[in-house]
Amino acid sequence: MDLIYVSFDNFANLHELKYLDLSDSDLIDDWCLFRFHQFKETLEHLNISRCQNISERGIAYLHHCRKLKTLTMSFLPKVQNPELLAIELEEVIPGLEVKGVDYLDFSRMTGDLVPVGPVVDLTPTQDHNAKVEPLYIIDEEMMEAQNR
């Protein structure tokens, strides 16, 4: 069955829908996710991995699904910053776990690293001293200036 935006009207009577796997669907797009408000009280697990037509805008609509416990969203080519999006969703929806996002993947980031403060290594040592090293982040203003 091919699911498109209007197909979700047929899901209106699924009052106990908890799990939905839409992975690998080329027809699922932002408009389809916009229709998910009808599942806001029941949907707990959603997989949208490898859906080629979903962007940040579509995923942002999921904030209505307050019962969502897991969201799997890997390999979404139209999503430019999945790590930030995942963090924001996890803050907005209590108890949500976003899977398929590598929070430590800095391979797409460019620019200079700028020290912003100490990082404390709390691994136990024999002398009980903490090792302090600088924390670095990407300076977006510096990146923009370099790209001009």
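I will start with the rings: Trp31, Phe34 and Tyr61 are linked into a cluster by ring pairs. For a pair, the centres of two rings of Phe, Tyr or Trp (its six-membered ring) lie within 6.5 Å; planes under 30 degrees apart count as stacked, over 60 as edge-to-face, and the rest as tilted.

Before I go on, a word on the source. The model is predicted, so local features need pLDDT of at least 70 and side-chain atom pairs count only at pLDDT 80 or more, while totals for chains, interfaces and linings use all residues. Residues are numbered from 1 along each chain as its sequence is written, and side-chain values use heavy atoms, with hydrogens and water left out.

Back to the rings. Across the whole structure, a search finds three aromatic pairs. The ring centres of Trp31 and Phe34 are 6.2 Å apart with the planes at 80°, so this pair is edge-to-face. Both residues are in helix α1 (residues 30-34), three residues apart, and so about one helical turn separates them. Helices here are DSSP runs of H or I with at least four residues, strands are runs of E with at least two, and numbering starts at the N terminus.

Phe34 is partly exposed, at a relative accessible area of 35%. On that scale, buried means under 20% relative accessible area, exposed over 50%, and partly exposed in between, using a 1.4 Å probe and protein chains only. Phe36 and Phe39 also form an edge-to-face pair, since their ring centres are 5.3 Å apart and their planes stand at 85°. Phe36 counts as buried at 0% relative accessibility, and Phe39 counts as buried at 0% as well.

Next, the overall layout. The protein chain has four helices and six strands, and along the sequence they follow the pattern β-α-β-α-β-α-β-β-β-α. Of its 148 residues, 32% count as buried.

Strand β2 (residues 45-47) runs parallel to β3 and is joined to β3 by three bridges.

Tyr19, which sits in strand β1, is in contact with Leu43 and His45, leaving aside neighbours within four places in sequence. Contact means heavy atoms within 4.5 Å. Tyr19 and Glu44 are 25 residues apart along the chain, yet their C-alpha atoms are separated by 6.1 Å. Is Tyr19 buried or exposed? Tyr19 counts as exposed, at 52% relative accessibility.

Last, helix α3. In this helix (residues 82-92), the buried residues are Pro82, Glu83, Leu85, Ala86 and Leu89. Seen down the axis of α3, these buried residues fall within an arc of 160°, so they line one face of the helix. That arc is taken from the directions between the helix axis and the C-beta atoms. What do the buried residues of α3 pack against? They pack against α2 (56-60), β3 (70-72) and β4 (97-99).

Conventions: Two strands pair if DSSP finds at least two bridges between them.
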